[in-house]
Amino acid sequence: MYKSIVVMVTASLLCASVLGQEQQARDYARAAAIAASKAQGSQQQVVLEEPARSYFEWGAILNKQAEVVSVREGSIAAEMQLKVGDVIQHINNQPVYPQQLDDALTTLASLEHNQPFSVGVKRGEQTHELNGTVRATVIPGWRLEVVNTLEEATQNSESTVSMNNACGRISVFFTPPVTADLYPAFINSIDGDNVRIKNPSFKLAANNYKVGVHELIDEPSLRRGGGSAPEKILELTIEPNKTYHIGAKFIREKRYQRFNAGYWEPVVWKVTDQSCQLD
Amino acid sequence: MTTKHEQHLQQQWQQYVAAEAEQVELEFPQELTAKPRRAEIQIKPLWLTAAAFLMAIGLTWWLSFLPVPDSSKVEIANVPASSSLEVAPMLLAANYRLDVLERRIQQAYLQGASDAELEQLWAQHQALEN
């Protein structure tokens, strides 16, 4: 029974850790999008991508005299019992000369995953033979697409009857005030039709709509459930020449309510006047 | 310093924001003023944590009555005879940014970087480790 409790507690901690990492990934992605825009701002769309690759980092740093100046905790070097102050004598029986240290490090970096290797070190007056196995790590393939143009989309629905081209807008462009527990969101669907998430605003003929919204709540106290959360529907009556600013209202007292994502609701946090005409 | 690219981008965004922000402010719904009370924030998590803990114990107790297969025997039976535990899978880096920085520091040593440069890199290293 105790074992089961430990497993459950560990699982919930792991889940929290995964979600924290996703939040961190989003933060890095935002920073990367800004940096990419700055670098190639004149382009309407910036796409950066790389294939997956692996590398071997053994976790020790050597100075020019081949002396170990740092051993990272938990690394292969640490597992091999390498110590700060050790002087590397050879790698896989190939002598290491300080003037050709780069060659020795190239040998080390060229080793393949799961390949055993040995390092001879001088520690004080003694020499030691340290053995280890290469544990390569992976960088997943990735693609960063940054959109610098913000074309306003007009969402036409078959059920929509436009009268005199009267229209309004829904928008997630402005960041709502976090101090009021309002967070950004994105629009996923309008009347059941999936829309381009990259678009921050949509022109809609004056009518009633069901807008599918996802939250982007960045709140450390929030414990989300795992997996992708379903969108929440916001029912809206669009009046002519009005812009409805949509956000995610964080319901603090329900922050542990994973079931049905009770911790948030899509809301219109502000309505502004803005002239609108359908194309 | 702002580059030409950045200036162009700034201009583009300013135009968009100017168009979006035309005649701002009409109405704010009630939700904006409804802030949770501080006392609630402090007390509720304790209640919820206690309730969650009790639920976990209850669920585990209930699960303990269900028939459970002998997992150790199942695992042994499923392992192919040829598989070896020595072949470890390739994993994602535990701390990629630290890996990159350590590579930079190693390069700095190889290229005879100045003490000031090395000191700066080690300061970054310490910040990433903490």
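The model described here is predicted. Helix H3 of chain A spans residues 101-109, and its buried residues are A:Ala104, A:Leu105 and A:Leu108. Viewed down the axis of H3(A), these buried residues fall within an arc of 95 degrees, so they line one face of the helix. The cover over the buried residues of H3(A) includes strand E5 of chain A and, from chain B, helix H4 (96-110).

Strand E5 of chain A, residues 87-91, is joined by four bridges to strand E7 of chain A, residues 116-123, and the two run antiparallel. In this pair, A:His90 is placed opposite A:Gly120 of E7(A). E7(A) also pairs with strand E8 of chain A, residues 126-133, in the antiparallel sense and over eight bridges. Here A:Ser118 faces A:Asn131 of E8(A). E7(A) and E8(A) form a hairpin with two residues between the strands, in which A:Gly124 adopts a positive phi near 65 degrees.

In general, the strands of a sheet pair through backbone hydrogen bonds, either parallel or antiparallel. An open sheet of four strands in chain A has antiparallel pairing and the order E15-E14-E17-E18. Strand E15 (193-194) and strand E18 (232-238) of chain A each have a single partner strand and stand at the edges, so one side of each is left without a neighbour in the sheet. Strand E17 of chain A, residues 207-215, runs antiparallel to E18(A) and is joined to it by seven bridges. Within this pair, A:Asn208 stands opposite A:Thr237 of E18(A).

Nonpolar side chains tend to be buried together in soluble globular proteins. The largest nonpolar core in the model has 27 residues, and those with the most contacts inside it are A:Ile170, A:Ile187, A:Leu204, A:Val211 and A:Ile246. At least two residues of this core come from each of the following strands of chain A: E12 (167-171), E13 (182-183), E14 (185-190), E16 (201-205), E17, E19 (242-250) and E20 (264-273). When neighbours within four places in sequence are left aside, A:Val211 is in contact with A:Ile170, A:Ile187, A:Ile190, A:Ile233, A:Leu234, A:Leu236 and A:Ile246. Another core, of 20 residues, lies apart from the largest one. Among its residues are A:Ala60, A:Ala66, A:Leu108 and B:Ile105. A:Leu108 is also one of the buried residues of H3(A).

How values were computed: Residues are numbered from 1 along each chain as its sequence is written. Chains are lettered from A and ligands numbered from 1 in the order in which they are written. This is a predicted model: local features need pLDDT of at least 70, side-chain atom pairs count only at pLDDT 80 or more; totals for chains, interfaces and linings use all residues. Two strands pair if DSSP finds at least two bridges between them. A nonpolar core is a set of buried Ala, Val, Leu, Ile, Met, Phe, Trp, Tyr and Cys residues joined through C-beta atoms within 7 Å. A residue is buried if 20 or more other C-beta atoms lie within 10 Å of its own, exposed if 12 or fewer, and partly exposed in between; C-beta atoms are placed from the backbone. Two residues are in contact if their C-beta atoms, placed from the backbone, lie within 7 Å. The arc is that of the directions from the helix axis to the C-beta atoms.
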